There are 2 protein chains.
Amino acid sequence: MEVDDIKTSKVVLLSKRPKGLPDSSTFQLVERDIPELKDGEVLIQSLYLSVDPYMRGRMSAAKSYAEPFQVGEPLTGGIVGKVVKSKAANLAEGDYVTARLDWAEYNVVHENKLRKINPELAPITTALYVLGMPGLTAYFGLLDIGQPKKGETVVISGAAGAVGMIVGQIAKLKGCRVVGIAGSEEKIAYLKNKLGFDAVINYKTTENISEELAAVCPDGIDVYYDNVGGTITDAVIFQMNFHARVVICGQIAHYNDTKMGMGPRFLPYVLTRSILIKGFIVGNYADRIEEGRKELAEWLKQGKITYEENIVTGLENAPDAFLGLFRGDNLGKQLVRIEH
Amino acid sequence: MEVDDIKTSKVVLLSKRPKGLPDSSTFQLVERDIPELKDGEVLIQSLYLSVDPYMRGRMSAAKSYAEPFQVGEPLTGGIVGKVVKSKAANLAEGDYVTARLDWAEYNVVHENKLRKINPELAPITTALYVLGMPGLTAYFGLLDIGQPKKGETVVISGAAGAVGMIVGQIAKLKGCRVVGIAGSEEKIAYLKNKLGFDAVINYKTTENISEELAAVCPDGIDVYYDNVGGTITDAVIFQMNFHARVVICGQIAHYNDTKMGMGPRFLPYVLTRSILIKGFIVGNYADRIEEGRKELAEWLKQGKITYEENIVTGLENAPDAFLGLFRGDNLGKQLVRIEH
């Protein structure tokens with residue numbers, strides 16, 4: 001199809017706010033008109049769309065670090081696309097760009113909101129992963145909050161997810177003993193055999209996670225990078241060493257909670273062990289993003305870190321790909337490819 | 001009595017490890033021989049003895065930041081005393097000293113373990129309070145972890161205790177809105193009228209602490225200095241602002257727990273608000289103690305901070321004074337005076 005014939009775009013809207021676990025009725029696929037380009041704007045053809053657990057938070061009305069999605073309005077997320085029409089000074093047709101955009105086949109956006117990517121430096125999907133939000137989240141959370149030192153023990157929950165597998169590799173680069181917690185034998189095998197984790201725990205098949213942790217962390221736990229929360233986190237926290245650091249990156253076990261969960265009170269332990277717990281989002285490091293991206297790109301180039309992508313095809317399958325994050329479908333980064 | 005006639009000393013032993021709340025059977029008062037002085041040692045006559053909530057932890061066998069007390073052995077704690085006999089090069093009879101010593105009328109100690117205090121600079125009891133462990137705990141916890149900024153809201157639990165009332169005054173010096181939580185009308189009146197706290201909450205008479213907190217913290221809570229834990233802390237944490245800091249100094253609500261308490265899971269909230277939680281003990285700041293003591297002494301001298309002491313008399317009453325900490329008896333620092 002000629003670009004001038006592209007008049008409409010499919011787009012995914014938030015149909016209604018989910019109570020508990022979202023399902024297909026949370027989303028609505030509609031067709032909308034594509035507006036005319038104004039000066040400075042480009043038309044972007046979506047190529048890859050990122051689905052991320054944090055988006056569940058934005059589906060609720062509650063105040064959080066990101067504005068809630070509005071019912072009847074498009075979902076937005078990380079997208080890599082190609083400029084197919086330009087009225088912008090610094091972007092030409094054929095350029096690859098990334099930004100947080102509507103979940104749509106096409107977006108019209110001002111060039112100021114886009115970051116150009118060089119497809120020769122790394123595969124374009126890395127802009128949504130190792131060199132994008134998940135990679136930077138792993139980098140700053142582990143290094144700035146976790147402060148891992150050589151010989152220390154780092155435990156990661158959600159270790160085979162997009163962020164977790166990068167965290168583990170960076171921790172290995174820093175000379176740490178790395179223990180991953182994940183939920184399938186495929187994930188466990190990947191972490192152990194492909195990424196060289198020192199120990200792995202399948203939380204779905206391990207009867208007593210606390211005992212298993214104690215067995216594989218004979219020197220206790222110095223850094224805990226938490227993507228999950230809940231009972232896994234309970235088990236880890238009570239085995240942390242003096243001056244240990246807990247990085248709260250995700251709490252996927254709780255994103256669909258409809259009431260406040262109850263758990264063991266660990267603050268007395270936090271006190272007697274001088275433990276630090278810190279929640280964060282990558283946006284807290286806005287002024288250091290380029291520093292992080294540069295180091296991650298270097299590691300990637302040198303083959304010091306690797307990654308896995310789980311790709312489904314078709315915008316219409318994006319909602320189910322998102323729901324799959326809560327089923328634990330994905331090994332590594334979940335992406336949606338948009339074909340044109 | 002001539003000093004050479006002093007052959008024995010009363011001392012308080014840990015009689016048995018308490019299960020739950022300690023009582024009088026936890027302690028045993030005995031008489032022991034005073035050993036001969038060796039070179040470098042002095043004989044110290046105890047004048048004031050400090051009772052502190054953290055000592056409860058040392059009565060249990062569990063590993064913590066301080067070594068457990070041993071059953072049948074003396075309790076130890078902060079003591080201010082006078083040198084009555086010296087074989088030490090740098091301490092003479094009549095000198096005032098402080099250290100962590102046995103709960104006894106007399107101690108024989110090497111001079112290296114003692115800090116000499118100048119009774120002309122400040123009352124000698126301040127060595128156990130504002131210029132000692134509790135004052136330094138307030139200072140470093142609030143300033144280093146809490147990082148209060150002008151105009152921010154600081155909430156303090158156990159606000160009328162030894163540490164809490166110093167924290168509140170330092171926070172006022174830093175230009176913060178200060179809200180204290182305490183457990184009696186006498187304490188509430190003191191914090192409000194004498195120390196100028198901006199708002200106070202009596203947790204024993206307030207029906208809904210969350211609602212009251214919301215009313216007196218219209219801009220949310222930026223720093224929470226926690227001496228207490230439990231349901232008070234639950235109420236505070238869920239009203240904390242983005243990038244708020246929680247200083248875990250004490251958890252007196254839990255020191256006598258015989259099983260793990262359960263409470264609301266707040267880590268999802270810690271995540272979405274980028275909250276920091278940090279447990280600490282003053283010993284973490286060992287290399288900055290003199291810096292803290294100097295600034296506290298300056299504030300004290302200038303009348304910028306004041307304090308209250310609650311004093312009982314007699315070593316035999318030290319156990320009950322300690323138990324009173326858990327009854328909430330004390331406004332300010334609880335001390336025991338030893339008369340000779």
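Strand S14 of chain A and strand S14 (residues 276-279) of chain B pair in the antiparallel sense over three bridges. Two strands count as paired if DSSP finds at least two bridges between them, and strands (E, at least two residues) and helices (H or I, at least four) are DSSP runs, numbered from the N terminus. To find one bridge yourself, look at Lys278(A): its bridge partner in S14(B) is Leu276(B).

A word on what you are viewing: this is a predicted model, in which local features need pLDDT of at least 70 and side-chain atom pairs count only at pLDDT 80 or more, while totals for chains, interfaces and linings use all residues. Residues are numbered from 1 along each chain as its sequence is written, and chains are lettered from A and ligands numbered from 1 in the order in which they are written.

Now let's look at the whole contact between the chains. Chain A and chain B each bring 29 residues to it, where contact means that C-beta atoms, placed from the backbone, lie within 7 Å. On the side of chain A, strand S13 (262-264), helix H7 (267-272) and strand S14 (276-279) each give two or more residues. H7(A) gives the most, with five residues.

Finally, turn to two helices inside chain A. The axes of H2 (residues 133-146) and H8 (residues 289-301) come within 10 Å and cross at roughly 100 degrees; axes are lines fitted to C-alpha atoms over the stretch in contact, and angles run from 0 to 180 degrees between N-to-C directions. H2(A) is therefore roughly perpendicular to H8(A), a label for angles of 65 to 115 degrees. Among the residues making this contact are Tyr139(A) of H2(A) and Arg293(A) of H8(A).

Conventions:
Two residues are in contact if their C-beta atoms, placed from the backbone, lie within 7 Å. Angles under 35 degrees count as roughly parallel, over 145 as roughly antiparallel, 65 to 115 as roughly perpendicular and the rest as oblique.
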